[in-house]
Amino acid sequence: MNNEDELLKLMERFRLAYASQNRDELVATTDESFVWQQHFADDDAELPNGKTVVGVNGLLAVLQWRSEHWENVRYRDLEE
């Protein structure tokens, strides 16, 4: 994907799928090359210090774990 508009549309699809935990859309907008470094440090370096999620299956596993362990999760101000 080399068009910025297409990339933004893909990111919007991902954002909406993530917020709603829509498995089909998450699968459609990611693949096994997907890497997500969670939780950033509060120090000046802003270096990632949390779990690294790899691949669509890793993403789905994190969302499954959250739904089993967290209650009343709401996402807001998500943007590309």
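This is a dialogue on how to read several features of a predicted model of one protein chain.

Trainee: Where do I start, and which elements make up the secondary structure of the protein chain?

Mentor: Start with the overall layout. The model is predicted, and its secondary structure comes to three helices and two strands. Read from the N terminus, the order of elements is α-α-β-β-α.

Trainee: How many residues does the protein chain have, and what percentage of them count as buried?

Mentor: The chain has 80 residues, and 22% of them count as buried. For the surface as a whole, the accessible area is about 6300 Å², with 47% of that belonging to carbon and sulfur atoms. Contacts give another view of the fold: among those between residues at least 6 apart in sequence, 41% join residues at least 24 apart.

Trainee: Now the charged side chains. How many salt bridges does the structure hold?

Mentor: The general idea comes before the count. Side chains of opposite charge can pair when their charged atoms come close. In this structure there are two salt bridges. One pairs Glu12 with Arg15, and their closest N and O atoms are 3.8 Å apart. Both residues belong to helix α1, which covers residues 4–20, and they are three residues apart, about one turn of the helix. Glu12 is partly exposed, at a relative accessible area of 37%.

Trainee: Which residue forms a salt bridge with Glu25?

Mentor: Arg13 does, and here the closest N and O atoms are 2.8 Å apart. Glu25 sits in helix α2 (residues 23–29) while Arg13 sits in helix α1, so this pair ties together parts that are 12 residues apart in sequence. Glu25 is partly exposed, with 26% relative accessibility. Arg13 also counts as partly exposed, at 38%.

Trainee: What lies in the loop between α1 and α2, and what is phi there?

Mentor: Most residues other than glycine have a negative phi, and most peptide bonds are trans. Gln21 lies in the loop between α1 and α2. Its phi is near 55°, a positive value in a residue other than glycine. Gln21 is partly exposed, with a relative accessible area of 35%.

Trainee: Let us move to the strands. Where is Thr52 found, and which residues is Thr52 in contact with beyond its neighbours in sequence?

Mentor: Thr52 belongs to strand β2, which covers residues 52–54. To read its surroundings, set aside the neighbours within four places in sequence; the contacts of Thr52 are then Val35, Trp36 and Gln37. With Gln37 there is also a polar contact of 2.6 Å between the two side chains.

Trainee: How do I compare separation in sequence with distance in space for Thr52 and Gln38?

Mentor: Put the two values side by side. Thr52 and Gln38 are 14 residues apart in sequence, and their C-alpha atoms are 6.1 Å apart in space. Thr52 itself is partly exposed, with 38% relative accessibility.

Trainee: How is the exposure of Trp65 described?

Mentor: Trp65 is partly exposed, because its relative accessible area of 44% falls between the cut-offs of 20% for buried and 50% for exposed.

How values were computed:
Residues numbered from 1 in each chain as written. Predicted model: local features only at pLDDT ≥ 70, side-chain atom pairs only at ≥ 80, totals over all residues. Heavy atoms only, no water. Buried < 20%, exposed > 50% of the residue type's maximum accessible area, 1.4 Å probe, protein only. Helix = DSSP H or I, 4+ residues; strand = E, 2+ residues; numbered from the N terminus. Contact = heavy atoms within 4.5 Å. Areas by Shrake-Rupley, 256 points an atom, 1.4 Å probe, with all protein chains shown as cover. Polar contact = N/O pair within 3.5 Å; in protein donor to acceptor, adjacent residues only side chain to side chain. Salt bridge = Lys/Arg side-chain N within 4 Å of Asp/Glu carboxyl O.
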